[in-house]
Amino acid sequence: MSHVVVVGVDGSEPSRAAAEWAAGEAHRSGRPLRMIHAGAAVPFDPTEPGDAVEQVPEPVLAVWDHLASALPGLEISCGHAPGNPAAVLAAAGGREGLVVVGSRGSGGFAGLLVGSIALRTAARAHCPVVLVRAGDGTGVEGDVVVGLDSARSYGDVLSFAFEQASERGAAVRVLESRTRPAGPYLTEAPVDQPEIREALAAAELTRLQDAIAPWCEKYPALRVEAEVTAWPAGRALVEASRGAALTVVGRRTSGLHAAAPWLGGVAHAVLHHAHSPVAVVPHA
């Protein structure tokens, strides 16, 4: 199941939007699409396809038929898989796949909204997870926006963002927040001199440009914009997501208990408020 695009479907409008987005991604990247309707509290074995088509609701089958007709060259399958939806989707994506979910759902994905199954899938999957809302669109043109923290591991996040931009022929906009904590224990004195502030900002921008340089060299045809912002990271990414084709954020995996995966404050904020589909990429 490696290198497959997996999408959770239940017949709702958000899941239909997610399926259309996933189909476009699979078509662009030349990967197969696997539509999964999940439900029932039965353990899921990722080695077993579990594609019992007769258990799939009619609205889901209608989406399958629509996508198969619209993209006749796309390898696409559809079926039911028992078990917890978040666990099912995370297992089906494996480590090399891509999982796509809608922001709300019904039936087997009852209550699927940001903060529920979609968040759990994004928090536990070992591969990137894209959350799509109804109305986000499947062919929206725009930049691929990516949030970066150069003090942490970021290779997987940048690799995903640049690959997405290359597939779409889009530009990449890399944002990093340099906000400082405030309060009585702040050790850095405020910088009042404009020339010093400008010098610090230039140094921070140079550091960010150096961090993304290997990916710029790997994808020389892409237009890349790097920006250091004084806004909090979540706010900056939400604003940058207006008109973006995709917003990419990272999720730490090291040092976290497997039974209690955590997205992090920035990813959580962006998933709730972004104006574009959001990809959450796990990294060390």
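Where does L271 lie? The place of L271 is in helix α8, which covers residues 265–273. The model described in this report is a predicted one.

## Residue L271

Within helix α8 (residues 265–273), L271 has a relative accessible area of 2%. Because buried means under 20% relative accessible area, L271 counts as buried.

The chain also brings L271 together with a residue from another part of the sequence. L271 and L119 are 152 residues apart along the chain, and their C-alpha atoms are separated by 8.4 Å.

## Residue P32

P32 belongs to the loop between α1 (13–29) and β2 (33–39). Its relative accessible area is 25%, so P32 is partly exposed.

Leaving aside residues up to four places away in sequence, P32 touches H3, V4, V5, A26 and E75. A further distance concerns V6, which is 26 residues from P32 along the chain. The C-alpha atoms of P32 and V6 are separated by 8.6 Å.

## Salt bridges in helix α1

The whole structure holds 7 salt bridges. One of the pairs is E20 with R16, whose closest N and O atoms are 3.5 Å apart. E20 and R16 are 4 residues apart in helix α1, so about one helical turn separates them.

E25 forms a salt bridge with R28, and here the closest N and O atoms are 3.2 Å apart. These two residues also lie in helix α1, where a spacing of 3 residues amounts to about one turn of the helix. Is E25 buried or exposed? With 0% relative accessibility, E25 counts as buried, whereas R28, at 32%, counts as partly exposed. Salt bridges that share partners join E25 and R28 with R31 into one network.

## The pair E239 and R242

Another salt bridge links the side chains of E239 and R242, with an N to O distance of 3.2 Å. E239 has a relative accessible area of 34%, which means that this residue is partly exposed.

## Summary

Among the salt bridges described are E20 with R16, E25 with R28 and E239 with R242.

Technical notes
Residues are numbered from 1 along each chain as its sequence is written. This is a predicted model: local features need pLDDT of at least 70, side-chain atom pairs count only at pLDDT 80 or more; totals for chains, interfaces and linings use all residues. Side-chain values use heavy atoms; hydrogens and water are left out. Buried means under 20% relative accessible area, exposed over 50%, partly exposed in between (1.4 Å probe, protein chains only). Contact means heavy atoms within 4.5 Å. A salt bridge is a side-chain nitrogen of Lys or Arg within 4 Å of a carboxyl oxygen of Asp or Glu.
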